[in-house]
Amino acid sequence: GFEAFEGNDAFGIFSSGEVIGEVASAADRLGVDLTETEGTDLPRRLSEILESEDTDIKREAEHLAADLGRRLGLIFYVMTLKANPWYSAEDFDLWHSIRSIYLVGGLANGNLGKALAKYACEVLSELGVDGVSVKTGLYPSHAQLVGIARLTDGAKKALLFDFGHTFVKSAVASFEDGKLAELAIRPKV
């Protein structure tokens with residue numbers, strides 16, 4: 001059932017906006033009151049609902065997470081096709097050599113991230129892309145801050161910023177013996 005996405009770009013298939021829109025569309029079935037929940041909080045709510053004790057609501061959440069994960073898997077699959085005019089042969093060679101894909105960012109948190117990874121991996125397997133795993137990163141929401149901290153050269157402390165699509169995240173990194181010792185996350189704005 002990927003025909004509905006024909007002609008779309010990756011952003012139109014899977015993005016934070018698409019996830020928010022899909023959760024909002026399913027709000028009644030998920031038991032989410034849209035008057036009490038900000039749009040940017042809907043992915044987190046979906047992640048929580050994936051552990052619901054209400055089996056009907058949990059089933060709806062799992063169905064939605066499966067759809068979203070399959071969309072993500074479709075994007076990864078398209079990246080392996082040499083018929084894509086936007087990339088060079090070297091780009092495709094790189095994609096064919098990849099065996100692990102790590103999801104990071106706010107959508108990769110918690111149960112939602114695990115579900116996205118699971119269903120993306122299933123799609124790749126169904127479409128004949130074998131030996132590729134899709135996993136969530138160790139600190140999905142803070143991966144960019146950890147990466148920035150690792151670029152710091154010789155500092156004892158550093159103030160870090162991640163200017164994302166939805167939020168600005170910041171942290172204070174502390175280093176010992178040239179290695180990241182602590183990442184004090186500040187409230188996102």
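**Figure 1. The loop around Asp-177 in the predicted model.** Asp-177 sits in the loop that joins β4 (168–176) to β5 (179–185), in a model that is predicted. The phi angle of Asp-177 is near 55°, a positive value in a residue that is not glycine. With a relative accessible area of 82%, Asp-177 is exposed, since the cut-off for that class is over 50%.

**Figure 2. Overall layout of the protein.** The protein contains eight helices and five strands. Along the sequence, these elements follow the order α-α-α-α-α-α-β-α-β-α-β-β-β. A box of roughly 50 × 50 × 25 Å, taken along the principal axes, is filled by the C-alpha atoms. The protein has 189 residues, of which 34% count as buried. Nine salt bridges are present in the structure, and some of them are shown in the views that follow.

**Figure 3. Packing of helix α5 against helix α7.** Helix α5 covers residues 55–79 and helix α7 covers residues 110–126; the two pack at an angle of about 50°, with 7 Å between their axes. The crossing in which α5 passes α7 is right-handed.

Figure 4. Within it, the side chains of Arg-71 and Glu-18 form a salt bridge with an N to O distance of 3.2 Å. Arg-71 belongs to helix α5 and Glu-18 to helix α2 (residues 16–25), so this pair ties together parts that lie 53 residues apart in sequence. A salt bridge also joins Glu-22 to Arg-71, where the closest N and O atoms are 3.1 Å apart. Glu-22 is again a residue of helix α2 and Arg-71 one of helix α5, so this pair ties together parts that are 49 residues apart in sequence.

Figure 5. Is Arg-71 buried or exposed? Arg-71 has a relative accessible area of 6% and is therefore buried, the cut-off being under 20%. Glu-18, at 27% relative accessibility, counts as partly exposed. Glu-22 is partly exposed as well, with a relative accessible area of 24%. The salt bridges of Arg-71 to Glu-18 and to Glu-22 thus each pair a buried arginine with a partly exposed glutamate.

Figure 6. Glu-48 and Arg-45 form a salt bridge in which the closest N and O atoms are 2.9 Å apart. The two residues are three positions apart in helix α4, so about one helical turn separates them. Glu-48 is partly exposed, with a relative accessible area of 37%. Arg-45 is also partly exposed, at a relative accessible area of 22%.

**Figure 7. A nonpolar surface patch that includes Phe-161.** Leu-159, Phe-161 and Phe-163 make up a nonpolar patch on the surface. Together these three residues have about 360 Å² of accessible area. Phe-161 is placed in strand β3, which spans residues 157–163. The relative accessibility of Phe-161 is 39%, so the residue counts as partly exposed.

Figure 8. Val-32 is located in the loop between α3 (27–30) and α4 (42–49). Although Val-32 is a loop residue, it counts as buried, at 6% relative accessibility.

**Figure 9. Glu-3 and its separation from Val-189.** Glu-3 is found in the segment that precedes α1 (10–13). With a relative accessible area of 60%, Glu-3 is exposed. Glu-3 and Val-189 are 186 residues apart along the chain, and 38 Å separates their C-alpha atoms.

How values were computed:
Residues numbered from 1 in each chain as written. Predicted model: local features only at pLDDT ≥ 70, side-chain atom pairs only at ≥ 80, totals over all residues. Heavy atoms only, no water. Patch = residues over 30% accessible without salt bridge, like charges linked within 9 Å, V, L, I, M, F, W, Y side chains within 5 Å. Areas by Shrake-Rupley, 256 points an atom, 1.4 Å probe, with all protein chains shown as cover. Salt bridge = Lys/Arg side-chain N within 4 Å of Asp/Glu carboxyl O. Helix = DSSP H or I, 4+ residues; strand = E, 2+ residues; numbered from the N terminus. Buried < 20%, exposed > 50% of the residue type's maximum accessible area, 1.4 Å probe, protein only. Axes fitted to C-alpha atoms, helices over the stretch in contact; angles between N-to-C directions. Left-handed = near helix turned anticlockwise from the far one by under 90°.
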